[in-house]
Amino acid sequence: MQRAFCRLYGVVVPNLNPSLPCVSIRLKHDAGKNDLNAHRAKVMGRGLPEKKPLPGVKSIILVASGKGGVGKTTTAVNLACAMKVIEPDKEIGLLDADVFGPSVPLMMNIAGEPMLNDDHLIEPLLNYGVKCMSMGLLVSGENAVVWRGLMVMQALERLTRHVAWGPLDCLVVDTPPGTGDTHLSLAQNLPIDGALVVTTPQSAALQVTKRGVNMFEKLKVPIIGMVENMSHAICHKCGTKNFVFGNETKKTANEMGLEIIENFEVDSNMSECINSGKPAIYALPDSVHAEKYRQLANKVFKYIADKDNEQAKATKQ
């Protein structure tokens, strides 16, 4: 007599009738699991979305931070303005990709609803020679943006591909805190040249910064370096540096194999610059902060030039 062996919940049972309800359910479960695995393999086989450049935009630089409140937007705004100051012939853009908490309109002193051009593209607003776009220009400042993830992605699509950015030599993108959908969407859909990671010396900020760095490594986004804000405070009487928020940034940067390419001390004048909508590079052109932003801009320009040269050599080979 032929013996039938069936597997029931992981156990081989001889002479079990496959027509029994419990066996039938298990067999259907196995078939469904196989179908699910096949579907997953098919989806993964498609790969990531193809990265398409923004028309007329040569380079894209992200300014990111794992934790909020570390001066990321201040860095992005002053970097974009400094790039325009030291290279007046270059066309610079600034995209505020923080849909829920846009701050660029305040810091760049821009307001008003943007216009559409003949190609039905949004014309970015211009101030300090920098082309700017932000969700804060499309939504009233008193209204909260209460959207789900899909709506955020659609808004991000409009802020990138439905804006007349070109011609631009560099687009600086101010990203929201964290490691969420915005970063994933930007990295998967746009050719990002590099990212600046902004942090402060507090342990909480540095821990979250590590997560941001790991995210960019997984997304294969090159990290230009780390920018440390609120590095220290200087006593106005004796000139002593006081590391009021700790001094662990250098150790953390070394652990991650990153360079601190610029650090900024605590300065009460920066708050006035933010509130007045006049970046430090213009409001305080002779200050230490303005000089450091110029140095940061030069380093970013050099990074882009070196990257372009490497790509040109690789193309020739």
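User: How many residues does helix α6 have, and how far does it reach from its first C-alpha to its last?

Analyst: Helix α6 covers residues 203-218, which is 16 residues. It reaches 23 Å from its first C-alpha to its last, close to the 22 Å expected at 1.5 Å a residue. The expected span is 1.5 Å times one less than the number of residues. Helices here are DSSP runs of H or I with at least four residues, strands are runs of E with at least two, and both are numbered from the N terminus.

User: What should I know about the model itself before we go on?

Analyst: This is a predicted model, in which local features need pLDDT of at least 70 and side-chain atom pairs count only at pLDDT 80 or more, while totals for chains, interfaces and linings use all residues. Residues are numbered from 1 along each chain as its sequence is written, and side-chain values use heavy atoms, with hydrogens and water left out.

User: What is the mean pLDDT of the protein chain?

Analyst: The mean is 84, and 82% of the residues reach 70 or more. pLDDT is the predictor's confidence in each residue, from 0 to 100. Over residues 1-13 the pLDDT is below 50. Beyond near neighbours in sequence, that stretch has 24 contacts in the model. A contact means heavy atoms within 4.5 Å.

User: Back to α6. Which of its residues are buried?

Analyst: A205, L206, V208, T209, G212, V213, M215 and F216. Buried means under 20% relative accessible area, exposed means over 50%, and partly exposed is in between (1.4 Å probe, protein chains only).

User: Pick M215. Is it buried or exposed?

Analyst: M215 is buried, with a relative accessible area of 12%. Leaving out residues up to four places away in sequence, M215 touches T179 and H183. T179 is 36 residues from M215 in sequence, but their C-alpha atoms are 6.8 Å apart in space.

User: What comes after α6?

Analyst: K220 follows α6, and its phi is positive, near 60°. K220 is not a glycine. It is found in the loop between α6 and β9. K220 counts as exposed because its relative accessible area is 71%.

User: What about H120? What is its phi?

Analyst: Phi of H120 is also near 60°, a positive value in a residue other than glycine. H120 sits in the loop between α3 (104-107) and β5 (125-127). At 62% relative accessibility, H120 is exposed.

User: Which residues does a cis peptide bond join?

Analyst: It joins G166 and P167, with omega about -5°. P167 lies in the loop between α4 (149-161) and β7 (170-174).

User: New topic. How many residues does the largest nonpolar core have?

Analyst: It has 77 residues. A nonpolar core is a set of buried Ala, Val, Leu, Ile, Met, Phe, Trp, Tyr and Cys residues joined through side-chain atoms within 4.5 Å. Those with the most contacts inside this core are L79, M83, L94, M108, W165 and V172. In soluble globular proteins, nonpolar side chains tend to be buried together.

User: How far does α10 reach?

Analyst: α10 has 29 residues and reaches 42 Å from its first C-alpha to its last, close to the 42 Å expected.
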